[in-house]
Amino acid sequence: MRIKTDKGVSGGGKVNAFLAFLKKEWRMSWAGWMFISPLVIGIAVFTAYPMVQSLIYSFYNYDGGRLFEFNGIANFRYMFGLDFEEVAKVFGNTFLYGIISVPLNLCLSYLLAVLVNQKIHAVKAFRVFYYLPVVIPGVVSGVIWSQIMDPSSQGVLNLFLGKFGIPPSGFFATAPTALASAIVMNLWGLGGGMVLWLAALKNIPAGLYEAARIDGAGVFRRFFFITVPLSTPMIFYNLVTGIIGAMQTNNTMVFASDGGRGPKDSLYFIAVKIYNEAFIAKDFGYASALAWVLFIVIAVLTAVTFLTSKWVYTGDE
Amino acid sequence: MRAMDKNKAQKVRRAVGLTLMYLFMTLLAVILLFPYMFMLLRSLMLDSQVMLYPVELWPEPFSFTAYVTLFTANNYFGYFLQTAKVVVFNLIAIPLSASFVAYGFSKYRFRGKRFFFSLMMATMMLPGVVVQIPLYVLFNDFGWLDSLLPLTIPNLFGGGAIYVFLIRQYMIGIPKELEEAAKIDGANPLVRYFSITLPLCMPVLTFIMVTVFNANWSDFYTPLLYLSKEGTETLAYAIFKDSLYKFVTPDKANLKMAAGVFMSVFPAVLFLVFQKQLIEGISTSALKG
């Protein structure tokens, strides 16, 4: 009898203790949970669920409607088999664009920032001029530049280049020049990078430059031993977002011929192919498979960037 | 005597350097602003002039026919209204929703905080293409196609990791004492968020609102996915569509340019008004992480 009641009491004690623990947890955490609950729901519904879904789709033959049948790795076999030529082409184009465009933008926008970071008259006005193109919507800049880069020898840029004896270019209309034209066009938005660089430059303590000057360091030494090392977090940030952005470039849909493909597929990027496969060809399964491959490629590139980030100054040393 | 010569030479060298610098900077500004002028001038040409080769730069005569055509023969006012609805909704929803979540992350201790914060930061790296197809299917199931709901409702849930992150960074910098006083007076967490912390975040919220405006104003891709019905198009998507299918022949170039001018005026004016917050805003908030 006595033992039984003892047991009962201790069991009840465990439940009570657990309830007390829950109560304590709730009292400590409820407000925080309440505030982040929209985010958690949002991530579950609009990120986690679709991610899992698209992974599932990639193993199905799915047209977005009735047809939904498991077909194993057939999508991936098609990707690396019959469709491989085109897949290689679009990834090649995207890589080439990224490899040239990201570092080029990084360097030139840096130089631009150094230029407008000087303490000279009217420098603020120049900052505004250089940043203005960034606020132009991408669609509009696509429309403008396809007009400026008119492939006719009587187009405005060809006429201008002709004055310097440069032969007319086909720009977006001929395969060899199309990608280069897209890269040049992209430079119009240098102001966006410039503004981020200005932020980084402002964070460098002026005292460092003073000290270096007293020690007799010239402009170049100050640049390479102070400015560049202390800007590495910004370089890193720009590199990561630049890579992720470049791999998903789809603005060619605005100005490239043949539904964003360009002449001889020279402007055909992976993001545009995914769009075409999904929403034009209605092959949701294959498009999802492509999207997952792109996701893995981006994840690997980002991971490599992070793993090789020893050169980034973290402020601790 | 010699010292003075040296001084003078140095002064001359500096003046020449400065002049060259200004020349270079002006040249750069001219190059970067030329596309604007090109667009503006050609939007003011008649069909018969805009189609001429070699390309002409100066409208003769100046004419607003292209603009009239956009708003009478085409539905550009309707497109503008569609965009305006999306933009206005998101201008309110995103700052509110993002600051709500950021408040939790910056002012409270709770179980799972680090986990959820890392999760949120991870979504920032996630490419949109991976989720776009299932989202399309989901919104189709909801019956949301050809409506503005896919462009607005998802923004009620945090509004985007980068915005939450920026506001959180800002809120961490707000002194605790302000909150403590209200706590003693018996204000509950919602009141403290809304009436004390939120108003103090105005600088970062302004920056975010301008960014949100630009992002939503110029997005042509999301409407391309969800708005296929005639008459539901937003401005960016309509320009995309019209420049591909409607304003294709050379004599329609003035229409393209006029549409571009109409669409660029709003963000350009906004930028000129808020340029200080935009350029300085990035410097104070973007790089603390």
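Residues are termed buried at under 20% relative accessible area, exposed at over 50% and partly exposed in between (1.4 Å probe, protein chains only). The model is predicted, so local features need pLDDT of at least 70 and side-chain atom pairs count only at pLDDT 80 or more, whereas totals for chains, interfaces and linings use all residues. Residues are numbered from 1 along each chain as its sequence is written, chains are lettered from A in the order in which they are written, and side-chain values use heavy atoms, with hydrogens and water left out.

Chain B contains 14 helices and 0 strands, assigned as DSSP runs (helices H or I, at least four residues; strands E, at least two) and numbered from the N terminus. Of its 289 residues, 49% are buried.

B:Arg111 is partly exposed at 48% relative accessibility, while A:Glu25 is buried at 10%.

Within chain B, B:Glu233 pairs with B:Lys241 at 2.8 Å between the closest N and O atoms, and both residues are buried. In chain A, A:Lys273 and A:Glu277 form a salt bridge at 2.9 Å; these two residues are likewise buried. They lie 4 residues apart in helix α13 (residues 270-280), about one helical turn. Shared partners join A:Asp83, A:Glu86, A:Arg261, A:Asp265, A:Lys273 and A:Glu277 into one salt-bridge network.

Note on methods:
Salt bridge = Lys/Arg side-chain N within 4 Å of Asp/Glu carboxyl O.
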